[in-house]
Every structure is written in structure tokens, then in C-alpha cells.
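Here is a short report for a first look at this structure.

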Amino acid sequence: MTRTEAPATIEAPSVVAGLSTLDRYLAVWILIAMAAGLGLGRAIPGLNDTLAKVEIGGISLPIALGLLIMMYPVLAKVRYDRLDAVAGDRRLMISSLVINWVLGPAVMFALAWIFLPDLPEYRTGLIIVGLARCIAMVIIWNDLACGDREAAAVLVALNSVFQVLAFGLLGWFYLDLLPGWLGLGDGERLDVSTGEIALNVVVFLGVPLLAGFLTRRIGERTMGRERYESRFLPKIGPGALYGLLFTIVILFALQGRTITSQPLDVARIALPLLVYFAVMFFGTFLLGKGLGLAYDRTATLAFTAAGNNFELAIAVAIATFGVTSGQALSGVVGPLIEVPVLIGLVHVALAWRKRFS
């Protein structure tokens, strides 16, 4: 998969015929992976319990493996010598911070109370999802949409730092302090340490980021940039999509029985999530255009704003409220909705790219 393949699927039908089957029907494979995961979770007794036990420090090793395989090829494509130019873009950096750590949690808090006023457990779970800003899968969505890879690397790193510093504080504010101020009843307290969040960041971003950085440095030194990008990167590129599909299967196998046994509850949780993704993506995309950002950085800003760190949200909900809690179910429904919605938004972004100026 190269940076130019995705728009070619829209602009040049002759090129579509030359794409791999994996690239051409990616949305289909993602839906099949989701269905396969749900089916496995239902068909094999005890599978979800077995997979859930394969963890260290609350981190699911199968999911960590899938995310590493998924993110490594994309992060190996990043030109790290260009990161300073991204960091110097104040419009991008400030916009990302405000959208992710001020507007995003506030929007999810409002939607959770609007759509789930009578379901406090699901409401709390959704608020936790809103606090967990995306640091992993957004890299894939951004790459598929031909976003700025260097900008994505910088923004997810920025989110990682703020995730360690601000997650617990924002959890206290939105779940405990603010409901009391607004007269909405007793608040909730999150039982999550800074160390647990830091471990999540290291596993899901630090490891693949270091691997991608070292691969580029060593590759460019041994074969030069041109050969590295024209010969080596195309060989490892498909691994990102294989890793994505593997991660989706494992994730949905872990929670397949929970999701399929409570369809009405899933629907109630899904509605505010759909509104959230739409508000965050389209609002941020329009903001980027209004600020005069180029398409690639606007797309990166929008996908970073719309995505969430589902693994952290699920881990925090389970650790605090229990694996069978409504809060945990909300976390599980997050990727159930996010994956197909964001792959759809990839196509929306690519369609807008043609008339972006």
C-alpha cells in the first residue's frame, strides 16, 4: 500500500484493476473480520475467557501483537527528519490539543447525558471512551486517507503525553466534580493509576514507534532513502492491513458474546457514538479547512479527533467497574461502531480531497 493508492481508487478506474484484492475490498474484509470475531466469540465456549487471560499488567497480548503488526509498517514510512516542521505548525498543534483534550471529552459528556440519562453505567462508560484519545489505530485511518504521516506521528505522540498527564484528572472532573456542579447526582471515581496509563502508551505507541524509527534509520543508512522507500517499504506495507484485520478479529472475539447477547443495549450505546464521530470528524475537517491547513494535515487532524483509544477505555472500565459491568460494555461497543464508521469516513475524506483547495 502506498500513499497514492487510496485516491487512485476514486480517480483512476484503470489503476483500481491493478490494486491487490486486499486493498480494493478493504471495507469488505473489515466487515468480515468483525463478523468472524463475533462468530468465534459465540461459537467457541470459553474463547473470550482464554484470550482475556493472555495479558500482562492488564494489557491484552493478542491485541498488543495485532496493533504492533498494524502500526509498524506505517511508522516505518514516516520521515522522522521532517517532524520539526510539523511541530512548528502552531495552528495544527494548538488545534489538536484543544479538540482532543477540551472539546472531545466535553462533547462525549454532553452526548452521554443527552442520550443515556436513565442508564448511568452506560453513560459512564461512554464518558471514559471520550477521555481515551486515540494513539494507535488512527495511524491506519490517516494513512488510508492519504493524511500527513509525519503530522500523525507528532499528534499521537502529543496525545500520549497528555493521556498520561490528564486522563486521571479529566476522569475526576467529568465523572465526579462536574455532575455535582450541574446537579446531576452523585459522581463516579476511576480506579486507575498514572503508571497503568503510561504502560498502555508504551505498549500501544512506544514499541511500534521505536521499531519504525530504527527501521528507517538503519534502512536509509544501509540502502539509501530511494531504495528504502521504493523497495523495502512496499514489501512490509501490506502487513499494516493484515495487522488491522487480526486486531479486529481478536477484539470482537473477546467481546462477541457480550455484544450479541444485548443487542438493544448495544443500539442505545451506539447512537451517541455515531453522533460523536460525525460531530468530531466533520467539525474538525471544516475547522482545518477554515484555518487554511492543507488537505493532508486537515485529514490527520480530523481522524485524530474522531478516533479513541478503545483498549485503554475498556481496560479502565473493567479494572474499575468489573468485566460484566455496563461501563465495560460501553467500552466494547466503541470499536464495534468506530471501525466501520471510520473506514467509511476514509472514503469521505478521499472524495473531498479532489476538491480541497
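## Cavities

Two cavities of 30 Å³ or more are present in the structure, which is a predicted model. The largest cavity has a volume of about 60 Å³. The second largest cavity has about 40 Å³.

The lining of the largest cavity includes Leu-67, Cys-134, Met-137, Asn-308 and Phe-310. Its residues divide into six nonpolar, two polar and one charged.

## The second largest cavity

Val-74, Leu-75, Val-78, Ile-139, Asn-142, Arg-149, Ala-152 and Ala-153 form this lining. Six of these residues are nonpolar, one is polar and one is charged.

Three helices each supply at least two lining residues: H6 (61-77), H10 (138-144) and H11 (149-181). H11 gives the most, with three residues.

## Asn-308

Asn-308 is one of the residues that line the largest cavity. Asn-308 sits in the loop between helix H15 (295-306) and H16. Its relative accessible area is 2%, so Asn-308 is buried.

A polar atom of the Asn-308 side chain lies 2.9 Å from the backbone oxygen of Val-129. The backbone oxygen of Ala-132 is 3.4 Å from a polar atom of that side chain. Asn-308 also touches other residues, including Cys-134, Tyr-276, Phe-277 and Glu-338.

## Ile-314

Ile-314 belongs to helix H16 (residues 310-321). Ile-314 counts as buried because its relative accessibility is 7%, and the cut-off is under 20%.

Ile-314 touches Leu-251, Gly-331 and Val-332, leaving aside residues up to four places away in sequence. Gly-331 is 17 residues from Ile-314 along the chain, yet their C-alpha atoms are separated by 4.8 Å.

How values were computed. Residues numbered from 1 in each chain as written. Predicted model: local features only at pLDDT ≥ 70, side-chain atom pairs only at ≥ 80, totals over all residues. Heavy atoms only, no water. Helix = DSSP H or I, 4+ residues; strand = E, 2+ residues; numbered from the N terminus. Buried < 20%, exposed > 50% of the residue type's maximum accessible area, 1.4 Å probe, protein only. Contact = heavy atoms within 4.5 Å. Polar contact = N/O pair within 3.5 Å; in protein donor to acceptor, adjacent residues only side chain to side chain. 1 Å grid on protein atoms, 1.4 Å probe; cavity = no way out; pocket = protein on both sides within 12 Å on 5 of 7 lines; lining within 4 Å. Points joined across faces, edges and corners; volume = space filled by probe spheres on them. Nonpolar A, V, L, I, M, F, W, Y, C, P; charged D, E, K, R; others polar.
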